[in-house]
Amino acid sequence: MKTLLLLALIQSEPCEPVTHCCNDGRDAKPWALMNAGVRWEKTPEAAMERAAREKKAVMLFQLVGDLHREGC
Amino acid sequence: MRTVTFSDAHVAKLVSEHFVSAWFNRGPGFHNEDYSAEQWIAAKSTYPTRNICTFFMTPEGMLFDYVAGYHEPAVFSARLESTIEIRKALPDGIDAVRAAHRRAAERAFAGGGTIEYRGARYDAARTSDGYFRALHEHWSRVETLPWLDEVRFDYLYGNSFTEESRDATGVGGRCVN
């Protein structure tokens, strides 16, 4: 039950795909070196699902502001 | 964190072995065109700003560790190794997790406040020794492990520096336009 509530909170509003952060449609990364090292799942819930399958934990990096738009 | 630490090959290897990663933009903020603050922060090896936070949790969303702020690869790598040990304690229950955090607090740069990484030594003044120890000691006293949403907007032991606007509500997978 708590998992469902958590997933609902994480995805409570529509969110643009993380690889498309520019309104003009350019296929830009949210930041220039995204996926150069650590590989990021598209959404937190996708990470949770894959972690459950692969018996791993989840690392969720949270930031504030427009820091995710540096690649635009 | 994004461009330095998470691009580091050793950090990436550690992360991929034990974690599945995702990122989340918490809420509105100004589009920063002046990067002098970030350059100053990146010049230090570690800086517990509340602007960013890395959470570690089970696939169900139960939190067992977090670290706020920027930490360069050497510091984050050492920190990750503690987190991995803490995660191994999860099946044994809350007492084991608390004990693992206590060990991490004691071990936090116990070598005279230094860590070794790729042949280089980093001293306590650069490794936020006090911050990590306080954070682990906090975790060693929790009665139950929290769910992510219980702490994600009010995580402790972070510097008050933040770019968050007053209007940020930070709920859900909100993206900023």
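I began with Arg50(A), which counts as partly exposed at 21% relative accessibility. The cut-off for buried is under 20%, and I kept that in view when noting the value. The model I am reading is a predicted one, and its scores are ipTM 0.78 and pTM 0.74.

**Salt bridges, chain A**

I looked up the partner of Arg50(A). The side chain of Arg50(A) meets that of Glu41(A) in a salt bridge, with N to O at 2.4 Å. I then asked which residues are linked with this pair in a network of salt bridges. The network holds Glu54(A) and Lys56(A) along with Glu41(A) and Arg50(A). For the structure as a whole, I noted a count of 7 salt bridges over all chains.

**Lys55(A)**

I next checked the backbone at Lys55(A). Its phi is near 55 degrees, which is positive although the residue is not glycine. Where does Lys55(A) lie? I found Lys55(A) in the loop of chain A that runs between α2 (44–54) and β1 (57–63). Lys55(A) has a relative accessible area of 68% and is therefore exposed.

**Salt bridges, chain B**

I took two pairs from chain B. In one of them, Glu17(B) and Lys13(B) join their side chains in a salt bridge, N to O 2.7 Å. I located both residues in helix α1 (residues 9–18) of chain B, where they sit 4 residues apart, about one turn of the helix. Glu17(B) is partly exposed, with 40% relative accessibility.

The other pair is Glu85(B) with Lys88(B), whose closest N and O atoms are 3.5 Å apart in a salt bridge. I asked how many residues separate Glu85(B) and Lys88(B) in helix α3 (residues 73–88) of chain B. They are 3 residues apart, which means a separation of about one helical turn. I read a relative accessible area of 40% for Glu85(B), which is partly exposed. Lys88(B), at 52%, is exposed. The cut-off for exposed is over 50%, so I put Lys88(B) on the exposed side of it.

**α3(B) against α4(B)**

Glu85(B) came up again when I listed the contacts between two helices. From α3(B), Ser82(B), Glu85(B) and Ile86(B) meet residues of α4(B), among them Val97(B), Ala100(B) and His101(B). Ala104(B) and Arg107(B) also belong to the α4(B) side of this contact. I then looked up the axes of α3(B) and helix α4 (residues 94–107) of chain B, which come within 8 Å and cross at roughly 160 degrees. Are these helices roughly parallel or roughly antiparallel to each other? Angles over 145 degrees count as roughly antiparallel, and α3(B) and α4(B) are therefore described that way. I noted the crossing of α3(B) past α4(B) as right-handed.

**Val11(B)**

I went back to helix α1 of chain B for Val11(B). Val11(B) is buried, with a relative accessible area of 0%.

**Chain B overall**

I counted 6 helices and 7 strands in chain B. From the N terminus on, I read their order as α-β-α-β-β-β-β-α-α-β-β-α-α. Chain B has 177 residues, and 54% of them count as buried. Of its contacts with a separation of 6 or more, 70% join residues 24 or more positions apart.

**Confidence**

Chain A has a mean of 70, and 46% of its residues reach 70 or more. Its lowest confidence is in helix α1 (residues 2–10) of chain A, with a mean of 59, and its highest is in α2(A), at 95. I marked residues 11–26 of chain A, where pLDDT stays under 50 and the model has 34 contacts beyond four places in sequence.

Chain B averages 74, with 59% of the residues scoring at least 70. Confidence in chain B is highest in α1(B), at 94, and lowest in helix α2 (residues 36–43) of chain B, at a mean of 52. I marked two stretches of chain B with pLDDT under 50: residues 29–34, with 9 contacts beyond four places in sequence, and residues 156–177, with 74 such contacts. I left the coordinates of the marked stretches alone, because low pLDDT means that predicted coordinates should not be read in detail.

Conventions:
Residues numbered from 1 in each chain as written. Chains lettered and ligands numbered in written order. Predicted model: local features only at pLDDT ≥ 70, side-chain atom pairs only at ≥ 80, totals over all residues. Heavy atoms only, no water. Buried < 20%, exposed > 50% of the residue type's maximum accessible area, 1.4 Å probe, protein only. Salt bridge = Lys/Arg side-chain N within 4 Å of Asp/Glu carboxyl O. pLDDT = per-residue confidence, 0-100. Contact = heavy atoms within 4.5 Å. Axes fitted to C-alpha atoms, helices over the stretch in contact; angles between N-to-C directions. Parallel < 35°, antiparallel > 145°, perpendicular 65-115°, else oblique. Left-handed = near helix turned anticlockwise from the far one by under 90°.
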